[in-house]
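Take a moment with the sequence and the model. Then read on, one part at a time.

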Amino acid sequence: MSVGTTQPIATVERAANAKTPASGASNLAAGMLWPLLSGAIGLALWEGLVRVFKVPVFILPAPSQVIVTIVEQWWYLLSQLAITTFAAGLGLVMAIVFGLAAGAAITASRLVDRMLTPWLVIAHAVPKVVIAPLFLVWFGFGLQSEMFFVVAFTFFPVIVNTVTGLKSADPEQILMVRAMGATPIQVLRKIQFPSALPSICAGIKLAVTLAPVGAVIGEFVASNKGLGHLLIRAVGDMDTPLAFAAVTVFSIFGVLLWRLAEWGERRVLPWHPSQREAFLRGAGT
Amino acid sequence: MIAADQSLARSNGRGVSASISLKNVEKVYGGPSGDLHAIAPLSIELPAGEAVSIVGPSGCGKSTLMRLIAGLDAPTRGEIRVGHQVVAKPVPDIGIVFQRDLLLDWRKVLGNVLLPAEIKGLSGLEGRARELLQEFDVGAFADSYPWQLSGGMRQRVAIARALLTRPALLFLDEPFSALDALTRDQMNVLLQRVQTSEGVTTLLITHSITEAIFCADRVLVMSGRPGAIMDDIRVPFERPRRLAIRETAEFTSIGRRIREHFEKVGVLVG
């Protein structure tokens, strides 16, 4: 009865779990089938109705027309999307930096928490579209305004999740590293920050999806470039197919962005319970 | 720092350990609903390299004692020394094993064992870490995440982490109480084997009378709050020990003696 007899436990578990991917893949295929089918039916209905009732194109273009517009104007659409993405990216980085710093300060100091948190909640509660004209007054026309607009849209989930995450560190783990002689900075780096990372990732994921929305709304008000401006102009020109094309491109981009955020999360949190199945799948074969 | 200290002992040329002494240590927690007398004046002497168990009922101030010796908390009165140094701030020269393994989920096993070295700014201990893991039969899992290990394996990693920097004192605070009985027996054998090979001064806090006797050269019997030492018993068995010694008459008579103390103070009714 040596201690070594317990060793294979983990390997056995790993082998047992390795069976799931096959059924998992077929589940995924089955899961994709129904929404794709309903989507196709919906598009076909739309196309048919528009053609049968001869709906004017400036009111509602048929899906085929939207696709044609995307294909014809792909370069214009992509270049405007790039401008919007740039503004969204800059704003997002600012929001993350500010959010992490504010979250850390709120966690570290009860005073900062009491003085800052209510104002952050108020700032978040203010309808952003309403204050958009003010941003124009404060930051001027163009990229700057847009950037701050993105910040206004995205800072809140980052702060809230950073605070939650930093507070979720295991007090006994903190006690343990303090007993090893850790400085407060080391406690933050070795325990609190890694413990907070899943929460922070969740906050950033939310922020990533909100950032382009903020950028587009910013462009509605304060820019002569980007997807938001394109949308306003297309509607003004009664070029509804172009507006639909812009919305479609924007939606596809949003989905891709979400997938990118999830991929990033997997890279940062390979140890997290949510990633274990994927980890076993990788290790099992 | 304490290398020239007389109270240091070298055993097997491996571990460098220091004696521990507590003189009239007392701890009172002040609170709004009156004072809580956690530890009565208490004196303990642990010669370097000795393995001592403290056995006592729940809430007898054992964990308070751990915090005091580790320098995480200051005694109300009295003095604690590790080697010849008076404990005033956290003593990094102590390896602590807690009831929960407290492995960091985001680090692989090897990274967990190397944590104390990182915090103390020591390098070149990776070889030692791998050796310890090998010795504890978890060498093959150095690059696994903690969640891939069983409870017993995780606690072995935690002990390896505590021993990494060759601390003066190995402090175990109910380390095996979350494990099943069989795993616990394995851990007892492992602990006394490692204690012998590392030659480290060991203080084991436990609720289990059998474990207290099996793992130590000396058993201190502690009463309920405020914590005080009721008895100090030598355990005469040679090392390395086999689990079978637990059935010998000598072993059971020590167990009876400890149980009688608990019956006397009303902890055990039998």
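Predicted model: local features only at pLDDT ≥ 70, side-chain atom pairs only at ≥ 80, totals over all residues.

Start with chain A. Which kinds of element does chain A have? The count is 12 helices and 0 strands. Read along the sequence, the pattern is therefore one α after another: α-α-α-α-α-α-α-α-α-α-α-α. Chain A has 285 residues, and 30% of them count as buried. Now look at contacts between residues at least 6 apart in the sequence of chain A. Of these, 76% join residues at least 24 apart.

Next, pick out two helices of chain A. Packed helices have a simple description: the angle between their axes and the distance between the axes. Helix α6(A) covers residues 128-139, and helix α7(A) covers residues 143-167. Their axes come within 9 Å and cross at roughly 145°. The crossing of α6(A) and α7(A) is right-handed. Which residues meet there? From α6(A) come K128(A), A132(A), F135(A), L136(A) and F139(A). From α7(A) come Q144(A), S145(A), F148(A), F149(A), A152(A) and F153(A). By type, this contact has 8 nonpolar residues, 2 polar and 1 charged. An α-helix has 3.6 residues a turn, so residues three or four places apart point the same way.

Move to chain B. It is divided into two domains. Domain 1 of chain B is made of two stretches, 9-93 and 167-264, while domain 2 of chain B is 106-166. Their C-alpha centres lie 24 Å apart. Where the domains touch, domain 1 of chain B gives 15 residues and domain 2 of chain B gives 10. On the domain 1 side, β2 (15-17) and α6 (181-198) of chain B each give two or more residues. The most comes from α6(B), with 5 residues. That side of domain 1 of chain B divides into 11 nonpolar residues, 3 polar and 1 charged.

Now find helix α5(B). Among the buried ones are G152(B), R156(B), I159(B) and L163(B). The cover includes β8, α2 (109-113), α3, α4 (126-135), β9 (169-173) and α6 of chain B.

For a contrast, turn to a loop. R239(B) is found between β12 (229-234) and α8 (249-264) of chain B. Why is R239(B) called exposed? Because it has 11 other C-beta atoms within 10 Å, and a residue with 12 or fewer counts as exposed. Leaving out residues up to four places away in sequence, R239(B) touches Q192(B) and T196(B). K23(B) is 216 residues from R239(B) in sequence and 30 Å away in space, C-alpha to C-alpha.

Last, bring the chains together. Their contact takes 28 residues from chain B and 21 residues from chain A. On the chain B side, the elements that give two or more residues are β8 (94-97), α3 (115-120), α5 (151-163) and α6 of chain B. Which of them gives the largest share? It is α3(B), with 3 residues. The chain B side divides into 19 nonpolar residues, 5 polar and 4 charged.

Conventions: Residues numbered from 1 in each chain as written. Chains lettered and ligands numbered in written order. Domains from an automatic or database assignment. Contact = placed C-beta atoms within 7 Å. Helix = DSSP H or I, 4+ residues; strand = E, 2+ residues; numbered from the N terminus. Nonpolar A, V, L, I, M, F, W, Y, C, P; charged D, E, K, R; others polar. Buried ≥ 20, exposed ≤ 12 C-beta atoms within 10 Å, placed from the backbone. Axes fitted to C-alpha atoms, helices over the stretch in contact; angles between N-to-C directions. Left-handed = near helix turned anticlockwise from the far one by under 90°.
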